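Subject: Structure for your files

Hello,

Here is the structure I said I would send. My notes on it follow below.

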Amino acid sequence: MKSPVTRALFDEIILPVYAPAQFIPVKGRGSRVWDQNGEEYIDFAGGIAVNALGHCHPKLIEALQTQSEKIWHVSNVFTNEPALILAQKLIDNTFADRVFFANSGAEANEAAFKLVRHYAIEKYSPYKTKIIAFYQSFHGRTLFTVSVGGQAKYSDGFGPKPADIIHVPFNDLDAVKAVIDDHTCAVVLEPVQGEGGLTSATPQFLSGLRELCDQFNALLVFDEVQCGMGRTGSLFTYQQYGITPDILTSAKALGGGFPISAMLTTHEVASVMHPGVHGTTYGGNPLACAVGSAAFDIINSPEVLAGINHRRSIFIEELEKINAKFNIFREYRGKGLLLGAELHTPWHGKARDFLNSATENKVMILNAGPNVLRFTPSLIISDVDIREGMARFSKAVEKVVIN
Ligand SMILES: Cc1ncc(COP(=O)(O)O)c(C=O)c1O
């Protein structure tokens, strides 16, 4: 092993599909992170909406340590207690009757997309395979999920895609009406588009989609990989809209930093599945489920959920102060702590410059496309950390604006 481990080593040995920041984080506590040189950062990125309880939450450490001394892995040839406990919690707190565990958002969505096709084929017709999805959506990086995702930059260049997937503009019910028919098996969307720029579905759009799906015997699938598990202020975002999907996918915050995902559905939809139709070696891994279970209890508490919009308002108050000085933001987007700040037109295309400057000023933020800055911090970040991080971010903005 080359020593010391440097950022330059990344450029030599890792597949060049990422462009990570120049520092290497080595320690995290709450919303603070330290790099190899002991420099301290405030984390508004939360591992892309994953670290919902910050870094190294004591209850998650306890759950991981306790489970690590019991059993690590059994595969799905055997079941395990943590998986059943977490599945029961998800069922008790949502519309769902059945849970399928996987390891990443893409895998949960892959399972969902296979399920909608299989359900329609088994119940109705081998020709009922059309999936309606939306531009700017993001559902993961497998070939099926990039194909359902509505962004050519992720889906093109890999040869033939799965067929019978059609994209229409988000929040445009008439566009859906124009393409939905008896051959449609599902409509798939993120209630708040994450990677695509933090656009929230309108209530009319979601209720219209529910009606259309019912009319054409199509399933409604909500990808809540990014917007679920407390992120927008309720356990899942659909609960705020009062529109219930047939299938919901969750990942990211579900494990609080430990890789796990889940696909939730009803008895009726699950009825077409039987042993051997789908599967995964690691899905429902005891370590992941034990941590997920501990994270679930904390995230799903009234204190944590009630605090999310309070924190959003502090973020917006601080962003407004920055905007009063530099006039760079056009609007605030998203819900709860899935917060986007769209840049004014002259700054379009420059989101990455703000991100890099933020890192130099010791605050970690994200972008969602080239025009929107994204903040997905811990759901329990302290007011002090928000205000200090924003003071650092203000300096970062000043540097970009002055240059
Ligand atoms: C809405 C949504 N779906 C799916 C995914 C894919 O999740 P993963 O990267 O864990 O496969 C993401 C990741 O950003 C996402 O935001």
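**Helix α9**

In α9, the buried residues are Phe-205, Leu-206, Gly-208, Leu-209, Arg-210, Leu-212 and Cys-213. Please keep in mind that this is a predicted model. The cover over the buried residues of α9 includes β5 (130-134), α8 (173-179), β7 (184-189), β8 (219-223) and α10 (238-241). The helix itself runs over residues 203-215, which is 13 residues, and reaches 18 Å from its first C-alpha to its last, close to the 18 Å expected at 1.5 Å a residue. Just after α9 comes Asn-217, with a positive phi of about 50 degrees.

**Other positive phi values**

Most residues other than glycine have a negative phi. Gln-136 has a positive one, near 70 degrees. Gln-136 sits in the loop between β5 and α6 (143-148), and is partly exposed at a relative accessible area of 40%. Asp-164 has a positive phi near 65 degrees. Its loop is the one between α7 (152-155) and β6 (165-168), and Asp-164 is partly exposed, with a relative accessible area of 36%.

**The protein as a whole**

The protein has 15 helices and 15 strands. Its radius of gyration is 21 Å, close to the 22 Å that the globule rule gives for 403 residues, so the protein is as compact as a globular protein of that length. The C-alpha trace spans about 60 × 55 × 45 Å along its principal axes. Of the 403 residues, 56% are buried. Among contacts with a separation of 6 or more, 70% are between residues 24 or more positions apart. The accessible surface is about 17600 Å², and carbon and sulfur atoms account for 55% of that surface.

**A buried valine and a surface patch**

Val-116 is in helix α5 (residues 105-123). Is Val-116 buried or exposed? Val-116 counts as buried because its relative accessibility is 0%, and the cut-off for buried is under 20%. Leaving aside residues up to four places away in sequence, Val-116 touches Ile-131, Cys-185, Ala-186, Leu-219, Val-221 and Ile-247. Val-116 and Val-269 are 153 residues apart in sequence, and their C-alpha atoms are 8.2 Å apart in space.

Ile-14 is partly exposed, at 39% relative accessible area.

**Salt bridges**

Side chains of opposite charge can pair when their charged atoms come close. How many salt bridges does a search of the whole structure find? The search finds 20.

- Arg-7 and Asp-11 meet through their side chains at 3.0 Å, N to O. The two are 4 residues apart in helix α1, so about one helical turn separates them. Arg-7 is buried at 11% relative accessible area, whereas Asp-11 is exposed at 55%.
- Glu-317 and Arg-387 form a salt bridge at 3.2 Å, N to O. Glu-317 belongs to helix α13 (residues 302-326) and Arg-387 to helix α15, so this pair ties together parts that are 70 residues apart in sequence. Glu-317 is partly exposed at 39% relative accessibility, and Arg-387 is partly exposed at 33%.
- Glu-342 and Arg-330 form a salt bridge at 3.1 Å, N to O. This pair links distant parts of the chain, with Glu-342 in strand β12 (residues 338-343) and Arg-330 in strand β11 (residues 329-335), 12 residues apart. Glu-342 is buried at 4% relative accessibility, while Arg-330 is partly exposed at 46%.
- Arg-32, Glu-40, Asp-385, Glu-388 and Arg-392 are joined in a network of salt bridges.

**Helix α15**

Helix α15 covers residues 383-402. It has 20 residues and reaches 28 Å from its first C-alpha to its last, close to the 28 Å expected at 1.5 Å a residue. Its buried residues are Asp-385, Ile-386, Gly-389, Met-390, Arg-392, Phe-393, Ser-394, Ala-396, Val-397 and Val-400. Asp-385 and Arg-392 also take part in the salt-bridge network.

Regards

Methods: Residues numbered from 1 in each chain as written. Predicted model: local features only at pLDDT ≥ 70, side-chain atom pairs only at ≥ 80, totals over all residues. Heavy atoms only, no water. Expected span 1.5 Å × (residues − 1). Buried < 20%, exposed > 50% of the residue type's maximum accessible area, 1.4 Å probe, protein only. Contact = heavy atoms within 4.5 Å. Rg over C-alpha atoms; globule rule 2.2 N^0.38 Å. Areas by Shrake-Rupley, 256 points an atom, 1.4 Å probe, with all protein chains shown as cover. Salt bridge = Lys/Arg side-chain N within 4 Å of Asp/Glu carboxyl O.
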